[in-house]
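Let's take a friendly walk through a protein model, starting with its parts and moving on to how they meet. Have a look at the picture first, then read on.

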Protein chains: 2
Amino acid sequence: MSASHDPQRREALIRGLGEILPPDAVLYEHEDLRPYECDGLSAYRRLPLAVALPSTRAQVAAILRLCHRLAVPVVARGAGTGLSGGALPLTDGLLLSLARLNRILAIDPTARIARVEPGVRNLAVSEAARPYGLYYAPDPSSQIACTIGGNVAENAGGVHCLKYGLTVHNVLRLTVLTVEGEELVFGSEALDAPGYDLLALTIGSEGLLGVVVEASLRLLPLPERQQVVLAAFDEVGRAAAAVGAIIAAGIVPAGLEMMDNLAIRAAEDYVHAGYPVEAAAILLVELDGTNAEVSEQVMQVRELLLACGATEVRTARDEAERELMWKGRKAAFPAVGRISPDYYCMDGTIPRGRLPEVLAGIAALSREYGLPVANVFHAGDGNLHPLILYDANRPGELERTEELGRKILELCVAAGGTVTGEHGVGVEKLDAMCVQFTAPELARFHAVKHAFDPAGLLNPGKAVPSLARCAEFGAMHVHRGQLRHAELPRF
Amino acid sequence: MSASHDPQRREALIRGLGEILPPDAVLYEHEDLRPYECDGLSAYRRLPLAVALPSTRAQVAAILRLCHRLAVPVVARGAGTGLSGGALPLTDGLLLSLARLNRILAIDPTARIARVEPGVRNLAVSEAARPYGLYYAPDPSSQIACTIGGNVAENAGGVHCLKYGLTVHNVLRLTVLTVEGEELVFGSEALDAPGYDLLALTIGSEGLLGVVVEASLRLLPLPERQQVVLAAFDEVGRAAAAVGAIIAAGIVPAGLEMMDNLAIRAAEDYVHAGYPVEAAAILLVELDGTNAEVSEQVMQVRELLLACGATEVRTARDEAERELMWKGRKAAFPAVGRISPDYYCMDGTIPRGRLPEVLAGIAALSREYGLPVANVFHAGDGNLHPLILYDANRPGELERTEELGRKILELCVAAGGTVTGEHGVGVEKLDAMCVQFTAPELARFHAVKHAFDPAGLLNPGKAVPSLARCAEFGAMHVHRGQLRHAELPRF
C-alpha cells in the first residue's frame with residue numbers, strides 16, 4: 001500500500017516533519033499543496049503528501065533520515081521552472097523545497113569562486129559577483145527565477161554554453177546529502193579531484209542520486225566588450241551552413257542562435273526588435289572578449305556570413321540595439337504562445353554539421369502532420385528547440401503533436417544526436433530514452449542509481465525508464481547503432 | 001587459491017587466449033613478460049600470468065568474457081607511461097595491452113572530431129589533425145608515447161589544460177566494454193547526453209570500470225599565434241602572487257608554468273635555455289589566439305609581471321627563442337635526474353590563491369627533512385610537481401623521502417587541494433586517498449565500482465583504497481572538514 005493511501009504513514013511523516021521544522025515550513029493542507037502540483041511542464045500535475053521547506057542543511061539531513069526511515073519517496077524542487085517534469089510530486093511522496101536554502105555563502109574574487117546554497121537564483125550569483133567584475137556563465141532563459149540546485153539537477157545550459165559550457169563545466173564542488181542524510185563532498189575547488197568523478201555524475205542526475213546542499217561555482221571575468229551581429233538568409237539551409245562555416249573558421253561565438261521565419265514574425269509582432277520579417281531565417285552571433293579580439297572577430301564573422309549567402313548583415317550600433325536584438329530572441333517562446341492556442345517545446349541535440357538536413361527533415365514532418373513548427377534554437381551547439389503549434393481543444397491534436405515530437409527526437413537520435421539538450425528527461429522523455437539507449441546501457445544506469453539509493457526513494461520514476469517500460473514502448477530496436485547507419489530517414 | 005598459484009587456471013587462460021588471438025599476441029614466457037612488469041612508476045614491479053595483445057574490439061570483448069568466466073583479474077595498459085602504477089600487473093591476472101588497437105578511425109574537420117582507438121598515441125592525433133588546421137589540446141609531457149586510452153584512464157592534463165581543460169573536457173564519446181564483454185556507449189558527439197554522466201565517470205576511473213575501445217575527441221583550431229613571456233623573480237612568493245594577479249586580470253594563458261631556483265639551474269645546465277640562473281623563480285606565460293588578441297595580452301601580462309616585482313621580463317623574439325624557453329621547462333625532470341641519484345615526483349593540487357603559503361610550507365618541510373625539493377609545475381592550475389631529491393643508496397633516505405612526500409600531499413589537502421592533479425592514484429597514492437576522503441565517500445566509490453564490476457576483476461587494488469586499509473593507515477581522522485579549518489599547519 002502506498003503512503004498516499006496509508007493514513008498512518010502520512011501522519012507519521014507530518015508528525016516527524018513537525019519535530020524538525022517550524023510550523024510554517026510544513027505544508028499538508030490541500031490548498032497549501034496546490035502551488036507545488038507541477039513544475040514548468042504543467043501538462044503533468046500531482047499533489048504530494050506534504051511539502052517541507054527547510055532553511056538549513058541540518059534540517060534537510062533530518063528530513064531525509066525521516067523519509068528513509070518511513071520509506072517515503074522524496075522529490076527535491078528548486079524554483080519549479082524545469083520543463084520536463086523533473087520536480088513533479090509523487091502522490092505518496094514528500095516534496096522537498098530547497099527554496100529557503102538561499103544564502104550566498106562566499107564570493108572569493110581571487111579564486112573566482114562563489115559558494116552558494118542550492119536555493120540561490122541563477123541570476124543572483126552574477127549579481128553578487130558583479131562588484132568584483134565577475135559573473136556566472138550558464139544562463140538558462142529562466143535565470144531570473146531558476147535556482148542553482150535545479151541547474152545542477154538538469155545540467156542547465158543557456159545561450160552562452162557554446163563558449164562557456166554547461167553547468168557541469170562551471171561547478172567545481174558539491175556538497176550532497178545521500179538519502180540516508182549522510183554528507184558527501186564531490187569535486188574540489190582545486191584543479192582536479194582523485195577518485196571517480198562523482199561531481200559530474202551528480203550534475204544532470206535529476207535528483208535521483210542525492211540532494212545538493214552547497215555548490216562551489218566557477219566565476220568568469222566580465223568580458224570587456226560584447227557585440228552582436230544579425231544576419232538574414234532567404235533559405236534555412238544557408239543559415240544552417242553558415243553556422244558550420246563560423247565554427248570551422250575557428251571562431252567560438254559567445255552565442256550563436258537561429259530563428260526561422262515563423263519565429264521571426266512572432267517575435268517581431270511581439271517586441272518590435274527590428275527583425276527582417278521576410279527572411280527565411282536569421283542568425284544572431286554574439287562575440288565577446290577584449291576590444292581588439294571582438295573587433296577582429298566581428299569583421300571575420302561579417303565576411304563569412306556574406307560569403308555564405310546572407311542577404312543582410314547588421315552589427316548592433318550601440319548597447320541599446322544589441323539589447324533589442326536579443327530581446328526578440330528571448331521573447332520568442334512567449335511570442336509563439338501569442339499566435340497559437342498551445343505550443344509544445346522540444347529539446348533535441350544534433351551534431352552541428354547535420355543542421356541543414358535535420359531542419360529539412362523537421363519541415364517535412366511538419367507538412368506530413370499538418371502542424372506548424374517554429375524553430376528558435378542554440379544553433380552553435382546543435383541544440384534544437386522546435387516549437388510545435390497546436391490547439392489542445394481540437395480532438396486528437398495533442399496526440400498528433402506528441403507523435404510529431406517523438407518523430408523529431410528520433411530524427412535527432414538518427415543524426416547522431418540526443419533526445420534532450422538542456423531540459424532533462426524528467427517524466428516527459430522516458431520513452432525517448434528507450435530510443436536513445438540500449439538495454440545494457442539502461443541497466444548500467446539502474447546499477448549506478450542502486451549504488452546511491454538502493455531503496456529507490458529519490459525522485460523515483462523520473463529520468464531513467466525501467467527496462468520493462470522500454471520493452472513495452474517497443475523502441476529498444478531503434479538503437480543508435482542500427483537506426484543511425486541503416487535506417488536514417490531520407491528527405 | 002589465486003590463479004598465480006593455480007596452474008590449471010593459468011593453463012585455461014593461456015589456452016583460451018590462444019583460441020582468440022594469433023600466437024604472437026599471447027605472451028606467457030618469463031622473458032616475454034618482463035617488459036610489462038611495471039609502468040612509469042618503476043619502484044613497483046610484478047609479472048602477470050600472461051599478456052594479451054589484441055588488435056580488434058571483438059578480440060578485446062572475447063578476452064574479457066574469457067577472464068570473466070575464469071575469474072581472472074584484468075589490468076589494461078596503453079603505453080605504460082603512467083606515473084602512479086595504474087598499469088602495474090597482478091601476479092594472478094592478465095595484462096591486457098591495447099597498443100595494437102591503434103587506428104585513427106576518422107578525422108571530421110567540420111564537426112572537429114577525431115574518432116580513434118585507445119592505442120593511438122596522444123601526439124598522433126594532433127599530427128593527423130594538422131592538415132585540417134586542427135589539434136588535440138591535452139598534452140601530457142609523455143605525449144610522444146602515451147596513448148589516448150591511458151589518457152582517458154588517468155584524466156591526463158598537460159601544460160595547456162589551464163586554458164583547454166583536462167581529458168574529461170576534451171572527450172565527447174567513449175565506447176566501453178564491460179568486464180562481461182558488453183559494449184556500451186557513453187556521451188555523444190552532440191552537445192550533451194541524457195542519463196547519468198557515465199562519460200565523465202569513466203574518464204579518470206583508472207581502468208576500474210570498463211575497457212575503452214573507441215574515443216571521440218574534440219579537436220581545436222590551431223591558434224593563429226603563440227607567444228611566451230618569461231619573468232624572473234627574486235622571491236618565490238612574488239612569482240606565486242604574480243600567477244594570481246594574471247588570472248585575476250581576466251587573462252587565461254594557454255600555459256602558466258613556474259620553476260624554482262633548483263629547477264632553473266638544473267634545466268639551464270642541461271639544455272642552455274638562457275634562463276636567469278640567479279632568479280629565485282621564473283614564470284613562463286604562454287598566450288595564444290588571434291594576432292590582435294596575443295599582442296594585447298602580451299602587453300597586459302608584461303605590465304602585470306613588472307607590477308608584481310619581476311626583476312626581468314622577456315618576450316621571445318622569434319619562434320626559435322620561444323621553443324628554447326619551453327625546452328628548458330620540458331627538460332626539467334630529466335635535468336633534475338642529472339643532479340641527484342634519485343628523485344621522487346609528487347603531484348598535488350591546491351587552489352591557485354594558496355600558492356605562496358604552500359610553497360613556503362614545502363620549503364619548510366624540505367629543511368626539516370634535510371632533503372632538497374625542486375619545484376617545476378603548472379602554476380596556473382595550482383598543480384604542483386615537487387621533485388624530492390634523494391639517494392636510494394643511503395640507508396633510510398627512501399623512507400624519509402616517502403614521508404616527506406606524504407607530508408607535502410597532506411599540506412595540499414589542508415589547503416583545500418587534492419592528492420593528485422594528473423598522475424592518478426594507482427598503487428602509489430592509496431594511503432593519500434584515506435587523507436582526501438571520508439569513509440562514507442569511499443564507500444560510495446566502492447558502490448559505483450560494484451555497479452560496473454561486481455566481481456572486482458578490473459584492475460583490483462588500484463585507485464580506491466579499501467575502508468580496512470584506511471582504518472589501518474589511521475588517516476581517516478585527518479578529514480578535510482577538520483584538518484582544513486582547525487589543524488592547518490602554520491608556517
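## Domains of chain A

Domain bounds here come from an automatic or database domain assignment. Please keep in mind that this is a predicted model. For chain A, the assignment gives four stretches: domain 1 covers 3-97, domain 2 covers 104-221, domain 3 covers 225-335 and domain 4 covers 340-483. If you mark the C-alpha centres of domain 1 and domain 2 of chain A, you will find them 24 Å apart.

## Where domain 1 meets domain 2

How many residues of domain 1 of chain A are in contact with domain 2 of chain A? There are 12 of them, and they touch 15 residues of domain 2. The size of an interface is often given as the accessible area lost when the parts come together. Between domain 1 and domain 2 of chain A, the buried area is about 1,200 Å², with carbon and sulfur atoms giving 62% of that area.

Charged side chains take part too: 2 salt bridges are counted between domain 1 and domain 2 of chain A. You can look for a salt bridge between the side chains of R57(A) and E183(A), with an N to O distance of 3.2 Å. Helix α3 of chain A (residues 57-70) gives the most to the side of domain 1 that touches domain 2, contributing 6 residues. Sorted by class, that side of domain 1 of chain A has 5 nonpolar, 5 polar and 2 charged residues.

## Where chain A meets chain B

Now let's turn to the two chains. The contact takes 68 residues from chain A and 68 residues from chain B. Together, the chains bury about 5,600 Å², and 62% of this comes from carbon and sulfur atoms. Which three residues supply more than any others of the area that chain B buries against chain A? They are L191(B), Y196(B) and R444(B), which supply 16% of it.

Between chain B and chain A there are 4 salt bridges. In a salt bridge between the chains, the side chain of R444(A) meets that of E180(B) at 3.9 Å, N to O. The count of residue pairs in polar contact between chain B and chain A is 12, both residues being at pLDDT 80 or more. Several elements of chain B give two or more residues to the side that touches chain A, including β9 (183-187), α8 (236-248) and α10 (291-307). The most comes from α16(B), with 9 residues. By class, the side of chain B that touches chain A divides into 33 nonpolar, 19 polar and 16 charged residues.

## Paired strands in chain A

Next, find strand β5 (residues 104-108) and strand β6 (residues 113-116) of chain A, which run antiparallel and are joined by 4 bridges. In one of these pairings, I104(A) has V116(A) as its bridge partner in β6(A). A hairpin is formed by β5(A) and β6(A), with 4 residues between them, and R112(A) in the turn has a positive phi of about 55°.

Strand β6(A) also pairs with strand β10 (residues 211-218) of chain A: the two run antiparallel, and 4 bridges join them. Here the bridge partner of I113(A) is R218(A) in β10(A).

## A closer look at R338(A)

Our last stop is R338(A), found in helix α12 (residues 332-339) of chain A. Leaving out residues up to four places away in sequence, R338(A) touches A266(A), D269(A) and Y270(A). Along the chain, R338(A) and Y270(A) are 68 residues apart, yet 8.2 Å separates their C-alpha atoms.

Key
Residues numbered from 1 in each chain as written. Chains lettered and ligands numbered in written order. Predicted model: local features only at pLDDT ≥ 70, side-chain atom pairs only at ≥ 80, totals over all residues. Heavy atoms only, no water. Contact = heavy atoms within 4.5 Å. Buried area = accessible area lost by both parts, 1.4 Å probe. Nonpolar A, V, L, I, M, F, W, Y, C, P; charged D, E, K, R; others polar. Polar contact = N/O pair within 3.5 Å; in protein donor to acceptor, adjacent residues only side chain to side chain. Pairing = 2+ DSSP bridges.
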